Protein chains: 4
Amino acid sequence: MIRFDCDYLEGAHPKVLKRIVDANYEQTLGYGNDDYTIQAVNKIKEVCKSDNIDVHFLVGGTQTNLTVISSMLKPYHAVICADTAHINVHETGAIEAVGHKIITIKNEEGKISSNQIQEIIDEHYSSEGPGAEHTAKPKLVFLSLPTECGTNYTKKELKNIYDVCKANNLYLYIDGARLGYGLVAKDTDIKISDLPKLCDVFYIGGTKQGALFGEAVVIINDELKEDFRYCIKQRGALLAKGRLLALQFLALMDKDLYFTLSKQAIDLSVKIKEAFINNGYRLLYNSFTNQQFIIMPNEKLDKLSKKFAVLRWKKYDEENTVIRVCTSWATTVENVDKLIKEIEKL
Amino acid sequence: MIRFDCDYLEGAHPKVLKRIVDANYEQTLGYGNDDYTIQAVNKIKEVCKSDNIDVHFLVGGTQTNLTVISSMLKPYHAVICADTAHINVHETGAIEAVGHKIITIKNEEGKISSNQIQEIIDEHYSSEGPGAEHTAKPKLVFLSLPTECGTNYTKKELKNIYDVCKANNLYLYIDGARLGYGLVAKDTDIKISDLPKLCDVFYIGGTKQGALFGEAVVIINDELKEDFRYCIKQRGALLAKGRLLALQFLALMDKDLYFTLSKQAIDLSVKIKEAFINNGYRLLYNSFTNQQFIIMPNEKLDKLSKKFAVLRWKKYDEENTVIRVCTSWATTVENVDKLIKEIEKL
Amino acid sequence: MIRFDCDYLEGAHPKVLKRIVDANYEQTLGYGNDDYTIQAVNKIKEVCKSDNIDVHFLVGGTQTNLTVISSMLKPYHAVICADTAHINVHETGAIEAVGHKIITIKNEEGKISSNQIQEIIDEHYSSEGPGAEHTAKPKLVFLSLPTECGTNYTKKELKNIYDVCKANNLYLYIDGARLGYGLVAKDTDIKISDLPKLCDVFYIGGTKQGALFGEAVVIINDELKEDFRYCIKQRGALLAKGRLLALQFLALMDKDLYFTLSKQAIDLSVKIKEAFINNGYRLLYNSFTNQQFIIMPNEKLDKLSKKFAVLRWKKYDEENTVIRVCTSWATTVENVDKLIKEIEKL
Amino acid sequence: MIRFDCDYLEGAHPKVLKRIVDANYEQTLGYGNDDYTIQAVNKIKEVCKSDNIDVHFLVGGTQTNLTVISSMLKPYHAVICADTAHINVHETGAIEAVGHKIITIKNEEGKISSNQIQEIIDEHYSSEGPGAEHTAKPKLVFLSLPTECGTNYTKKELKNIYDVCKANNLYLYIDGARLGYGLVAKDTDIKISDLPKLCDVFYIGGTKQGALFGEAVVIINDELKEDFRYCIKQRGALLAKGRLLALQFLALMDKDLYFTLSKQAIDLSVKIKEAFINNGYRLLYNSFTNQQFIIMPNEKLDKLSKKFAVLRWKKYDEENTVIRVCTSWATTVENVDKLIKEIEKL
């Protein structure tokens, strides 16, 4: 069985593993109070071309989202996001469990627009209804970059969203679980060094991008920086051996390995997408990143599934299923070629 | 200014006030440990024709919803309800603040169906996606009877919903903030004594039905009865002078006053509705209860608003607004006649 | 049976009832958006001799504490209070239920000192242990005035506590469930108009002081004022017929009725206390307010309990129980005289 | 600088690392749905000599405590533990942040007794005071084995505690962050295979015991097993590459490596303790596990700290500090000998 069902199938890039193994017998302080963490923070400041950011390392995505979001909001604050946003559909109500309502916007290929956000805000302050305090107050916009559908925002779109946020006193937080796979794609002009000017907080995903695990939270807005370590600890997200996170990001950020691996993955992803198109399949979304969503007749899917693992994303209709095919830093050209041969054969 | 904008404009029915005033100098134990509370509980058992129910008195609707719902659920449990449900739109995220995700269903005139509920449940356990535990687990269906749109469920519809709940191990909780106005309307055949067979918990609204304040929670399902007083106290909902709640419900339930007042209110409501129809206005929903939702040209609305207060419910389009016109136990025939004259004049 | 077990046995002072009854058929906007609420807010500003305060009316004490405290704090913030504080012992973990740790200080007759508070803060930032972020961060001091033991703070003591709070960037919140009974007692020199200079938020208790129910929250610190109505609504504490609260406080604050009733109650309380002392009983605390705590041999207590209800506060030792005897605005001289006669007879 | 300040200074035992590295390029399902996880679960069942247990792997201790405890309790339930318990003092209010009050018992060398627990329960149901529902309801006892002070419970003591729990319908949960270091010590007769008969849930610590990270939760009580994976996911504790946890526990549990490493660590710990005693130092607690707490004159401590890192645990008095000296699976004989030489020299 060759697997393309998700992007966390293997362990880590060998350079990541090597750093962990090399440091194994060193004694360092716990909880991120070690020198490697300082180095990794500095490296990320360099990559982001910004000195005025705080960087913290957490273990996983849901953990990062609930820790960051609960640190930013008061109890009556709500989060605005796409109905397809990960926090809305695949995190078991983690955001509600820390007390916050999620207000969803109908997505367009996983994306939402500045106009839609403005509408939600306007509704909230509308003179109709019983009064604004009878609804949770929108205070944070959550985006995924790239989106859960594999699509990207352009710099213009993102700027418009952030402008709406700032004009209405809302925060913007970007989930970058697959940030690398997004930023190297051809459908966006955003660079990582743009992000400190385009949002209040974002995170650089490691788990799906060549690390064993780990996400680097970047806090730009000064008013959100204070006491963030309390939040990490309280949510059970402060790794005892914090250097494990730092070492992995040091490896990934060294000589742009993070982006090199990302590029390699999305090239293979686009190759697979084209194979599907060329063989007459329709796509659910037009993705240039590492996730492809293809509408597939159930019969063909069953045949494909004998040799290749893909994710059954959702039912399309009685005869078709949407599948997700992922590549990652670990995907090999051979395996992609085998998959393409199978697509042609089906 | 004559007001029709909501159903909590006046104080309480004189019989309700009288009972409070009459008992004023009696000394009774606090927190509902008094004899009046025992009497009121028994009275409600009699009205509901059920001995095997627990009855508790709380102060208001949002308080009741958050206390009841959080008492029924584990942290990862979600509530299913209409997108128009009060807990979803007008309670400031109170349910999320106690930790629970709300999964909404597109309403049809404020109502949802057993089929829609089954679909949500099926989606949750679907073999597609990353696994059921990545989504909050549906465990409770929330209905309002009558709905926030003034419409009603029939006994058949409600039974279907409860059957789906039981078949899937979900609870059914009914918000009865306006229960009286619903049960006496011509578009339902449900009686209050049917409710113990048709749900797990419901509440009998007092605040909008002739009391100064107060809601009577009726718990039917044995597994939800234990320790409910802890929940009331923890949420700040245990009134020190608990007898104030009991005395009010004793007055309202005496000789069916509750339903007599309800009938009187909805007769006037239907009269108003007919006046709007007869004068060429369209309705947003077809309500037979005490709330009417009328689509009104903004110009006419401005004129009407000079003498009569109605609630601007929501924008309909650039030229029209949906207004809400409410009657209540306190609405007088004279005021309704004045309003109707104005409608005719507009 | 004549009851002295608590201070919420009767309904309300007749002037309070009268205002509610008189306004019964007026139509006013809900949720405190009525003119009576404006009047009551202004009246309380006048009584507090401060224009720069926000005033909100809530229903009960636990509700007020959980709403106020959760509005002031971030998730990792802790509350410092006496181990005997109401929020620590008799509110069913309501503060923890909204997410906050309570750090207790050993009380001295219900009181805590500025030095004790400073110690807790110092411990928190101590260079010992794993790092400050491994403990919840103290951010709020909670006091009751008078305390749950019937004792009082002097102006000097309160000022010292507030100075420590300000010096360390903590808030001070005062629970005034029995504020009147405290302020008129001979063991304090604090006046209600001092409070806006001596804390960030306090509340003026109504429930135990002549109202049917109701507490007036006074917010002094500007940074705590924003959006407080969202907090009230979210916690289910926004009374639909908000005028009921305003009318009661208007009656109580008119011509100092609140303080006149308080004085009357504590005079009777001190009379009872002296009767106990004169008959050889020991006191647990030396209270000059409306609650007395007397150590009583169980045998005598059983005898007393045949005619008079007192609260069994806690076991003192195998042979003795601490009882609580309360007076209130409603306590009559005749009943007190009967109690004293019984004490003498025992 | 040679460090003895905590037990998570180094990475992992080489056999643990090897398993991670060896599996690096294998493709396995995420979230613990892989074969290694099945193997590791079975291995732990074998070690615990029980088939009727559920095993789940989480990343860290605070995360495990908040996930397990919130899965076991209803909102009004409280946790009973020693005042020195980790959840009370060093987890930033994580348990309160998920809504639960902690009721502390004065520890004796880190331990609490069955009698003390019974007293708390009796107090809760006492006929004194305003009624049981005015206090949070004790439902769970939390113990650490070994305790945070390095001490141990005997089998008899633990059985007594569990008997009190069962007799009063409370759960018992054991935090085993350092379980190995406790079980191999000479002051307890508990074996790991006894634990399924002596509590409802416990966890086997990996982070401090030779793993990079990881804790294995063992659920014994059937009523606590359902839906635990939802709880893990909701708290952000479901590791994407779940096999990383399984592989580490497979390495540690293979041929008793876990206990061999534990024994090695505590032998060195006792050697250090004896060196301190022999040189005239007093101990704060008499520990036979891997943590030693020594009272040290500040001057000598400053001298020691030039070459050796120890944790300043807390101030003892003006002239003395309590230090914590830890050994672990990674501590070498050479470093211990150097430390002992320094102790003798001081």
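Predicted model: local features only at pLDDT ≥ 70, side-chain atom pairs only at ≥ 80, totals over all residues.
Two residues are in contact if their C-beta atoms, placed from the backbone, lie within 7 Å. Residues are numbered from 1 along each chain as its sequence is written, while chains are lettered from A and ligands numbered from 1 in the order in which they are written.

We begin with chains A and D. The contact between them takes 39 residues from chain A and 39 residues from chain D. On the side of chain A that touches chain D, helix H1 (14–22), helix H3 (61–72), helix H5 (94–97) and helix H10 (228–234) each supply at least two residues; here helices (H or I, at least four residues) and strands (E, at least two) are DSSP runs, numbered from the N terminus. By class, this side of chain A has 20 nonpolar, 13 polar and six charged residues, where Ala, Val, Leu, Ile, Met, Phe, Trp, Tyr, Cys and Pro count as nonpolar, Asp, Glu, Lys and Arg as charged, and the others, Gly among them, as polar. Because 100% of the interface residues of chain A are also interface residues in chain D, the two copies meet through the same surface.

Chain B can be laid on chain D by a turn of 180 degrees and a shift of 0.0 Å along the axis, with an RMSD of 0.0 Å, which means that the two copies are related as by a two-fold rotation axis. In chain B, the C-alpha nearest this axis belongs to B:Lys74 and is 3.5 Å from it. Since 100% of the interface residues of chain B are also interface residues in chain D, these copies, too, meet through the same surface.

We now turn to the inside of single chains, and to their sheets. Strands of a sheet pair through backbone hydrogen bonds, either parallel or antiparallel. In chain B, seven strands form an open sheet with mixed pairing, in the order S2-S8-S7-S6-S5-S3-S4; two strands pair if DSSP finds at least two bridges between them. Strand S2 (54–58) and strand S4 (102–105) of chain B stand at the edges with a single partner strand each, so one side of each is left without a neighbour in the sheet. From one strand to the next, the twist averages 25 degrees. Strand S3 (residues 77–82) of chain B pairs with S4(B) in the parallel sense over four bridges, and B:Ala82 stands opposite B:Ile105 in S4(B). Helix H2 (residues 35–47) of chain B lies across S2 and strand S8 (215–219) of chain B, running at about 120 degrees to S2(B).

How do helices pack on one another? Two packed helices are described by the angle between their axes and the distance between the axes. Axes are lines fitted to C-alpha atoms, for helices over the stretch in contact, and angles run from 0 to 180 degrees between N-to-C directions. In chain B, helix H11 (residues 257–278) and helix H13 (residues 333–345) pack at an angle of about 10 degrees, with their axes 9 Å apart. That makes H11(B) roughly parallel to H13(B), given that angles under 35 degrees count as roughly parallel, over 145 as roughly antiparallel, 65 to 115 as roughly perpendicular and the rest as oblique. Among the residues that make the contact are B:Leu268 and B:Phe276 of H11(B) and B:Val333 and B:Ile343 of H13(B). The residues of this contact divide into nine nonpolar, no polar and one charged.

Methods:
Least-squares fit on C-alpha atoms with pLDDT ≥ 70 in both.
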